[in-house]
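Subject: Structure handover and notes

Dear colleague,

I am handing over the structure we spoke about, and I would be grateful if you could look through it alongside the notes in this email.

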Amino acid sequence: MSLACDSFDEFSLEHLQQLATEAATTGDLTTALQLIELAAWQEPDNPQILCRWGDWLAAAGQPEEAIAAYQAALESQPDYPPAIAAWAAVLNEQGQFAEAIALLDQASEQTADLWHHRAVALQSLGDWPQALTSCDSALQLDPTAAESQFLRSKLRLGLGDWSQGWPEYESRLLVFSELRDRLPSFGCPLWQGEELTNKTLLIWGEQGYGDQIQFVRYLAVLHDRWPETPLLLLVSEPLVDLFRQLAIANLQVATQFTFETEPAYDFHLPLLSLPERLGATADVIPLAQGYLPRSLQSEIRLQANPRQLQVGFVWQAGETNDRRYQWRQASKSVPLEQFLQLRLQVNHCQFWSLQVGSARQSLLQNWDWADCDLADRMHSFADTAAVLNQMDLLITVDTAIAHLAGALEIPTWLLLPKVADWRWSLTGSETPWYQSMRLYRQAIVGDWRSVFEQLQQDLNSRPY
């Protein structure tokens, strides 16, 4: 790790750090790194400066350089907890969970941050009970740690403890800045479960498309409880036409405030708070048989061979700019070559690519697959639903289209990494969320070969 040699006599150490922090806050990491490097040159044994340098290097996508900065901090002050915690966080982001735990084991003093990063590693390794224990330890030291609360909520939900999991899931409103920043914009209180007779409730979509499709089912539960209450639903543009098909009276769906007239409402609520407000339990998940209509009107028609099984496939999960989740998104994705080989091994299936985003370019490079690419026909989720309605089967990784197919009651084979998201639990080939879905799990981390061997067997035994 090199240090800059430019003149810095005119800047005090405090001034350099202030300027660096201001640059980082505005997203100018290049300037922030240059300035914090100058500060480190002035005071090379300051572990706080070295840790901050490492944090910004990690944010800039330079994990190896970040680790070098944390190592330098530990050389200047052995067993410095912030450096160990930050180093473990980078290891977790790189998918090196065992290495993160080994590093954390060396710490003589346990802090809330150290317990949290241990919990992240244990969760990712599939040891959810021990991860839960680590979250408990973190929150004993710092009861306000929202990241640990959020992680614990997902662990509890995944382990079936909904009575504690859903209330604690509200911590996401503190973790995700896009949610925290949006809360004050509505000008009316959050709905806490009060009586809704003669009231109007505005519900707004949050997180990913898949989350919104999965949890919009709880609007039906809400409507059953207060059938006369007007419900307003705000979602992103690609979901509007789809959700307008929901068979719920007194429901208006729009994007932002593009209702016919600007509505008046008494309360607002983010969509994924509905299970907590409605007292949802893991014993009964509503509408697992499907809740979106199969008869969506569309002009999209495929030239399908009636003598073949129509199989849609998706191989890559959605992309994210949040480096904390990039490794997990990558672990959920399947090499396209696995589907190319599967197509050659089964003769009675006509395959259709429903992949969207930049990943589809790899398909278009295979000239013999170009005619099966449907991305240009899918401009909204209503379009995607119209395509899915012409499929006999969808084979997909864990991404939004899986939830759409389940909500439409389309037979779906969901491909999951060894340690999947909390909503799929850790074991089993069935899910209470969707009756039409079958889960295919990796037996070994990163091994999709055995999963596709099972897919081939099951496809060859499936009638058409």
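Predicted model: local features only at pLDDT ≥ 70, side-chain atom pairs only at ≥ 80, totals over all residues.

Residues are numbered from 1 along each chain as its sequence is written, and side-chain values use heavy atoms, with hydrogens and water left out.

The structure holds 17 aromatic pairs (rings of Phe, Tyr and Trp, the last by its six-membered ring, with centres within 6.5 Å; planes under 30 degrees apart are stacked, over 60 edge-to-face and the rest tilted). Trp166 and Phe215 form an edge-to-face pair, at 5.7 Å centre to centre and with 85 degrees between the planes. Because Trp166 lies in helix α10 (residues 162-169) and Phe215 in helix α13 (residues 209-215), this pair ties together parts that are 49 residues apart in sequence (helices are DSSP runs of H or I with at least four residues, strands runs of E with at least two, numbered from the N terminus). Trp166, at 1% relative accessibility, counts as buried, and Phe215, at 0%, also counts as buried (buried means under 20% relative accessible area, exposed over 50% and partly exposed in between, with a 1.4 Å probe and protein chains only).

Phe313 and Phe351 form another edge-to-face pair, at 6.1 Å centre to centre and 75 degrees between the planes. Phe313 belongs to strand β5 (residues 309-314) and Phe351 to strand β6 (residues 349-353), so the pair ties together parts that are 38 residues apart in sequence; both residues are buried.

Gly126 sits in the loop between α7 (112-125) and α8 (128-141) and, at 22% relative accessibility, counts as partly exposed. Its C-alpha atom is separated by 7.4 Å from that of Leu426, 300 residues apart along the chain.

Finally, the axes of helix α18 (residues 336-345) and helix α22 (residues 449-460) come within 10 Å and cross at roughly 30 degrees (axes are lines fitted to C-alpha atoms, for helices over the stretch in contact, that is, with heavy atoms within 4.5 Å; angles run from 0 to 180 degrees between N-to-C directions). That makes α18 roughly parallel to α22 (under 35 degrees; over 145 is roughly antiparallel, 65 to 115 roughly perpendicular and the rest oblique).
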